[in-house]
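Please read the following note beside the sequence and the structure. The points are numbered so that each can be checked in turn.

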Amino acid sequence: MADRKLTGSEMIIKALVNEGVDTVFGYPGGAVLPIYDAIFQQNQLKHVLVRQEGGAVHMAEGYARSTGKVGCVLVTSGPGATNAVTGLTDALMDSIPLVCLTGQVPTHMIGNDAFQEADTTGITRPCTKHNYLVKDIADLPRIMHEAFYVARSGRPGPVVIDLPKDIQMALGTYKDLSQVEHKTYRPRMKAEKTEIEKAVAMIAAAKKPLFYCGGGVINSGLKASKQLDRLIKLTGAPVTLTLMGLGAYPGTDKQFLGMLGMHGTYEANLAMHDADLIVAVGSRFDDRVTGRLNAFAPNSKKIHIDIDPSSINKNVMVDLPIVGDVGTILDQMLRVWKAKGLKTNPKVMKAWWKQIDGWRQRDCLKYNQTGSVIKPQYAIERLYEATKDRDCYITTEVGQHQMWAAQYYKFNEPKRWMTSGGLGTMGYGLPAAIGVQVAHPEALVVDISGEASFLMNMQEMSTAVQCGAPVKVFITNNQYMGMVRQWQELMHGSRYSESYTDALPDLVKLAEACHWVGLRATKAEEVDDVIQEMISIDRPVIADIWVDQKENCFPMIPSGAAHNEMLLGPDDEAQQSGSEEGMVLV
Amino acid sequence: MVADSTIERHTIAVLVDNEAGVLARVIGLFSGRGYNIESLTVAEIDVADAISRITVVTSGTPQIIEQIKAQLDRLVPVHRVVDLTAEGASVERELALVKVAGKGNKRVEALRIADIFRARAIDSTHDSFVFEISGATEKLNAFIDLMVPLGLVDVSRTGVVAIARGKSAL
Ligand SMILES: Cc1ncc(C[n+]2csc(CCOP(=O)(O)OP(=O)(O)O)c2C)c(N)n1
Ligand SMILES: [Mg+2]
């Protein structure tokens with residue numbers, strides 16, 4: 001039995017099953033037909049047929065991000081592989097574990113510009129954590145299992161396996177190598193005791209400590225969030241989260257200051273600016289977070305906990321770097337904190353909170369919903385109110401709606417929020433939502449979307465129907481590429497160059513044409529009813545919410561500005577001259 | 001903490017699995033992230049285990065140098081990254097083949113200088129020499145500079161290889 005020869009395609013299926021894969025998102029083509037044939041002849045793996053390979057990768061991202069498992073993609077050679085590139089880059093930037101199988105022309109034709117040949121390993125080298133070209137059937141079992149190990153270990157990321165067609169058909173012996181240790185890649189998990197002792201001592205001694213946590217906490221697993229919660233409650237310190245970190249700490253907790261960064265809250269950004277100790281946990285001092293670097297958190301010492309040593313001292317020099325798994329290190333910190341009976345000074349913390357409460361009084365997220373024109377913030381806040389007690393997952397596209405979703409939707413658990421943070425990929429949200437729904441068939445999955453982003457991958461509406469994923473697309477429709485329009489208003493003299501979409505499809509009719517349900521709200525009074533109806537329908541729904549076209553997203557730290565140079569609303573806009581230096585920044 | 005902005009030159013040794021694409025990965029990392037490569041050499045050093053050693057000479061601020069090492073270290077086929085410049089004394093050598101064409105006095109002068117530099121003539125015709133010279137990069141530079149007026153026509157250099165002093169291995 002053990003040495004019965006299998007074809008490469010059969011081995012691929014076996015390896016996927018042994019790695020715990022239950023769903024593959026893919027699209028067939030000439031160079032992967034043997035794998036599709038093997039899929040046809042088995043029933044352990046479910047295949048979700050997408051409409052464009054880019055969609056498959058985002059679906060796998062949504063699947064992975066909401067489950068903590070490795071997402072799996074299967075595409076053909078050439079255009080199949082190149083269509084996957086955006087999603088792979090997205091997954092690399094946001095540290096999402098994926099294994100993407102790409103077909104390739106047979107080994108003897110590689111390099112001949114064969115039909116649908118592309119140098120897939122060459123093209124994907126900079127946008128994957130690692131990639132493989134399988135040239136010998138004997139290597140296939142090892143590479144399959146290694147790929148999963150690499151994708152999920154350390155800082156997770158996408159891995160490509162390029163599979164020439166002759167390898168898929170060759171005969172060989174399969175061995176389950178899912179438990180074998182990798183010879184070179186073994187990320188450090190635990191911190192040194194001295195590092196932990198230093199860290200907790202710094203926290204206990206701080207006068208204005210602030211935890212600044214990101215997606216690394218979520219990637220580390222549910223336990224990491226629990227430990228983070230414990231540590232933060234024990235210290236009594238405030239906490240802010242990055243866009244990728246939302247849900248890592250309960251969004252409704254009073255120690256949570258909201259998201260920080262370009263569209264973060266006033267209190268989070270000013271706390272960052274004024275802190276004397278920043279404890280960065282699984283976050284990477286991204287430019288959306290730091291604002292102008294030479295004015296970033298000028299009076300603070302910094303502890304940086306991250307599994308990726310290259311994230312440390314990349315943008316911001318820190319005083320105490322700790323490399324390792326966030327969950328493990330938080331665990332170590334908790335133990336030492338308790339064993340030493342450490343405490344922060346209550347009086348000092350009280351003063352810090354008093355200052356923070358002063359900032360909170362600005363109520364930076366307030367908006368005026370007067371009259372019947374729907375404010376986008378209102379639409380999202382109502383969506384939150386209507387869904388917060390449900391088993392609900394939110395994805396987003398990219399733009400103003402994404403930032404409003406991050407500001408007004410509160411996440412109390414990790415893995416509930418899927419957004420394209422690092423790459424900012426419009427078109428991510430719908431396929432990601434389908435991937436989430438496939439993983440959680442009973443849950444409510446809503447893509448908070450902008451009309452322009454939605455159009456980027458709307459072909460996946462058809463996928464949702466075919467695979468029975470009743471996702472909801474909640475579109476704050478402003479007919480503008482709102483975020484582009486906002487930057488043009490603030491930095492380019494309100495010259496709205498090519499940011500208005502004329503000739504939008506009628507989204508309600510579009511929904512119907514695609515076997516979805518289409519709903520629309522054009523007045524504030526209608527929003528709640530549309531949301532209720534959307535939730536109650538057990539089919540995919542577009543909710544087309546016509547919102548105020550001119551609304552801008554605040555607070556905002558303009559590019560090149562510091563945390564304490566935030567714009568809080570339209571009144572601040574007038575004073576914004578837009579520095580030359582800032583204009584060149586993205 | 002404020003970053004130090006002085007530019008330093010570092011020689012970094014990297015042990016990698018000698019597998020397809022590994023050099024492209026290393027080079028792509030440097031070009032993609034805008035790091036400098038002053039010199040790069042690579043060859044297999046352990047045939048049984050298929051391990052290659054890459055020696056890369058790069059320059060940057062201390063922060064960038066640390067980044068380069070961390071980025072190299074997280075490439076999957078990389079076994080070890082050692083900053084030979086930072087970790088105690090090391091020796092560096094480079095080899096060059098230098099072709100000089102000329103006649104008469106210039107030819108004699110070229111030979112004389114080669115002798116001083118302990119370069120060997122490994123090919124000679126009536127009107128040309130190929131010299132082999134090894135040593136520190138600066139020595140090679142000096143030799144090549146001196147050959148320019150004497151009829152330098154072609155140079156091929158290996159780039160730097162380096163190894164730590166003392167008894168321990170990488
Ligand atoms: C693929 C891609 N192309 C371009 C951009 C640049 N971009 C960022 S936001 C945005 C506009 C998004 O418009 P919409 O989806 O309607 O969202 P809104 O900002 O109006 O809420 C654009 C074009 C991007 N992020 N992704
Ligand atoms: Mg829009």
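Predicted model: local features only at pLDDT ≥ 70, side-chain atom pairs only at ≥ 80, totals over all residues.

1. In this note, a residue is near a molecule if one of its heavy atoms lies within 4 Å of it. There are 17 residues around ligand 1, and those that come nearest are A:Gln400, A:His401, A:Gly424, A:Ser453 and A:Gly482.

2. An oxygen atom of ligand 1 is found 2.9 Å from an N or O atom in the side chain of A:Asn478. For A:Tyr480, a polar backbone atom is 2.9 Å from an oxygen atom of the ligand.

3. The domain assignment divides chain A into domain 1 (6–172), domain 2 (193–360) and domain 3 (376–546). The C-alpha centres of domain 2 of chain A and domain 3 of chain A are 31 Å apart. Their contact involves 17 residues from domain 2 of chain A and 18 residues from domain 3 of chain A.

4. What area do domain 2 of chain A and domain 3 of chain A bury between them? The value is about 1,400 Å², with 66% of it on carbon and sulfur atoms. On the side of domain 2 of chain A, the residues that lose the most area to domain 3 of chain A are A:Leu243, A:Leu246 and A:His263, which together account for 38% of what that side buries. Five residue pairs are in polar contact across this interface, whereas the count of salt bridges between the two domains is zero. The side of domain 2 of chain A that touches domain 3 of chain A consists of nine nonpolar, six polar and two charged residues.

5. The contact between the two chains draws 18 residues from chain B and 22 residues from chain A. Together, chain B and chain A bury about 1,600 Å², of which 54% is on carbon and sulfur atoms. How many salt bridges are counted between chain B and chain A? There are two. One of them joins A:Lys183 to B:Asp17, with the closest N and O atoms 3.5 Å apart.

6. On the side of chain B that touches chain A, at least two residues each come from α1 (22–32), α2 (62–73) and β4 (78–83) of chain B. The element that gives the most is α2(B), with four residues. By class, this side has nine nonpolar, five polar and four charged residues.

7. Chain B is assigned domain 1 (8–83) and domain 2 (91–163). Their centres, taken over C-alpha atoms, are separated by 29 Å, and each domain of chain B gives eight residues to the contact. The area buried between domain 1 of chain B and domain 2 of chain B is about 550 Å², 45% of it on carbon and sulfur atoms. B:Arg9, B:Thr41 and B:Arg53 supply 53% of the area that domain 1 of chain B buries against domain 2 of chain B.

8. One salt bridge is found across the interface of domain 1 of chain B and domain 2 of chain B. The side chains of B:Arg9 and B:Glu92 meet in a salt bridge, at 3.8 Å from N to O. Four residue pairs are in polar contact across the interface of these two domains of chain B.

Definitions and conventions: Residues numbered from 1 in each chain as written. Chains lettered and ligands numbered in written order. Heavy atoms only, no water. Domains from an automatic or database assignment. Contact = heavy atoms within 4.5 Å. Buried area = accessible area lost by both parts, 1.4 Å probe. Salt bridge = Lys/Arg side-chain N within 4 Å of Asp/Glu carboxyl O. Polar contact = N/O pair within 3.5 Å; in protein donor to acceptor, adjacent residues only side chain to side chain. Nonpolar A, V, L, I, M, F, W, Y, C, P; charged D, E, K, R; others polar.
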